[in-house]
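Student: Let us go through this model and ask what each label rests on. Where do we start?

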Amino acid sequence: MHCAQYAAGRCRSCQWLDKPYPQQLADKQHHLENLLSGYSVAQWLTPVFGQESAFRNKAKMVVSGSVERPLLGMLHRDGTPVDLCDCTLYPASFAPVFALLKTFIARAGLTPYNVARKRGELKFLLLTESTHSGELMLRFVLRSETKLAQLQAALPWLQQQLPQLAVISANIQPVHMAILEGEKEIPLTEQQALPEQFNQVPLFIRPQSFFQTNPQVAASLYATARQWVRELNIDSMWDLFCGVGGFGLHCAGPQTKLTGIEISAEAIACARQSADMLGLKNVSFAALDSTRFATAEAQVPQLVLVNPPRRGIGTELCDYLAQMAPEYILYSSCNAETMAKDISRLAAYRIERVQLFDMFAHTAHYEALALLTLRP
């Protein structure tokens, strides 16, 4: 994949871009196998991958420059801005949207935030596209509510130019730190959930809910989890760190008792909406801390599915699972190093199968799915 920004040395986010893609996959697989080399893995499955370019459904753009000539992209450590509107990781549909957003910033008088001077209002633009409907979600990350009225007054022009803009909101992030968003989200459209669909399963993306940024590979990941779980013939499961419910909703059959737990109330609202659309009656989702929920329960289901953040599930949850001993643990990880540490604390389990899913081409990052079975 050719990238003009990489070739010019302006952006090195894709740190493996010089490496042929087959070699990238081989290196990631080797890394994963090394991490689990101390265990007997019954089955290694072939890595799953998608497109090498235009695979992202979301752009996180730092806004810099001036109100008349804004730049959308990133800042180097020394404060030098780089405009990334032509980034080859984004679909072709994003470029005309970025161009209109630059015009809109000027029309609305949204002064880009200047990090060095700690002045200005508009910090980030977060754009998400539904691969199912083509609709867009746009979030303006502002330093304060000072320019909110101006933003709202100018929105009709933007909505006329971009009728696919279904969800718009303003996030208030007042802290002078490298924090992407704040706690306060102000809806600017009546609709506040972007519909998506993977494998005929309806999913929803709300402004503050996490969602995978590589839809093609994410769909394969969910489909694989569903296949593995159906082969187990289980009737009860937990989906911990469940996000918008992608794993649980794929894996639960009509009679499966499913409990999904996620700290984000926004994500749980999405999961409940999806469950209602699917007509699943034996399902519950709650906005709780996954570890606190699990360790307070006296009984566990047959299967515990975990999809934690990069830190892994940690010692406390591992110790609890080792003590309560569910028949199966399905572990989806975005950081195989912490997954390997967690597995080392689950000595009563054997690794039945492992598969790598390359969500992040041209970087060292990847997702891994591992099925653990309680030893007889």
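Tutor: With what is called a strand: a DSSP run of E with at least two residues, numbered from the N terminus. Gln200 is found in the loop between two such runs, strand S9 (194-198) and strand S10 (201-205). Keep in mind that the model is predicted.

Student: Why does Gln200 count as exposed?

Tutor: The relative accessibility of Gln200 is 65%. Exposed means over 50%, so Gln200 counts as exposed. Its phi is positive, about 65 degrees, although Gln200 is not a glycine.

Student: How do you know whether Ala54 is buried, exposed or partly exposed?

Tutor: The relative accessible area of Ala54 is 32%. Buried needs a value under 20% and exposed one over 50%, so Ala54 is partly exposed. Ala54 is found in the loop between S1 and S2. Phi of Ala54 is near 55 degrees, a positive value in a residue other than glycine.

Student: What makes S15 a mostly covered strand?

Tutor: Of the 6 residues of S15, 6 are buried, and buried means under 20% relative accessible area. Both faces are covered: Tyr328, Leu330 and Ser332 are buried on one side, and Ile329, Tyr331 and Ser333 are buried on the other.

Student: Why are H2 and H10 called roughly parallel?

Tutor: Their axes come within 9 Å and cross at roughly 20 degrees. Angles under 35 degrees count as roughly parallel, which makes H2 roughly parallel to H10. The crossing is right-handed. His31, Leu32 and Leu35 of H2 make the contact with Ala336, Glu337, Met339 and Ala340 of H10.

Student: What makes H3 and H4 roughly antiparallel?

Tutor: The axes of H3 and H4 come within 9 Å and cross at roughly 150 degrees. Angles over 145 count as roughly antiparallel, and H3 and H4 are therefore roughly antiparallel to each other. H3 passes H4 in a right-handed crossing. Among the residues making the contact are Leu101, Phe104 and Arg107 of H3 and Leu151, Leu155 and Trp157 of H4.

Student: Which strands do H3 and H4 lie across?

Tutor: H3 lies across S2, S3, S4, S5 and S6, at about 150 degrees to S5. H4 lies across S6, S7 and S8, at about 155 degrees to S6. These strands belong to an open sheet of 7 strands in the order S4-S3-S2-S5-S6-S7-S8, again with mixed pairing. The edge strands are strand S4 (81-83) and strand S8 (184-187).

Student: What makes a group of residues a nonpolar core, and which residues touch the most other members of the largest one?

Tutor: The members are buried nonpolar residues joined through side-chain atoms within 4.5 Å. The largest core has 48 residues, and Phe98, Phe104, Leu125, Phe140, Leu151 and Leu158 touch the most other members. H3 gives the most to this core, with 7 residues. Phe140 touches residues including Phe104, Leu125, Leu151 and Leu158. Apart from this core lies another of 46 residues, among them Val48, Tyr222, Tyr328 and Met359.

Methods: Residues are numbered from 1 along each chain as its sequence is written. This is a predicted model: local features need pLDDT of at least 70, side-chain atom pairs count only at pLDDT 80 or more; totals for chains, interfaces and linings use all residues. Side-chain values use heavy atoms; hydrogens and water are left out. Buried means under 20% relative accessible area, exposed over 50%, partly exposed in between (1.4 Å probe, protein chains only). Helices (H or I, at least four residues) and strands (E, at least two) are DSSP runs, numbered from the N terminus. Contact means heavy atoms within 4.5 Å. Axes are lines fitted to C-alpha atoms, for helices over the stretch in contact, and angles run from 0 to 180 degrees between N-to-C directions. Angles under 35 degrees count as roughly parallel, over 145 as roughly antiparallel, 65 to 115 as roughly perpendicular and the rest as oblique. A crossing is left-handed if the near helix is turned anticlockwise from the far one by less than a right angle, and right-handed if clockwise. Two strands pair if DSSP finds at least two bridges between them. Lists of a residue's contacts leave out its neighbours within four places in sequence.
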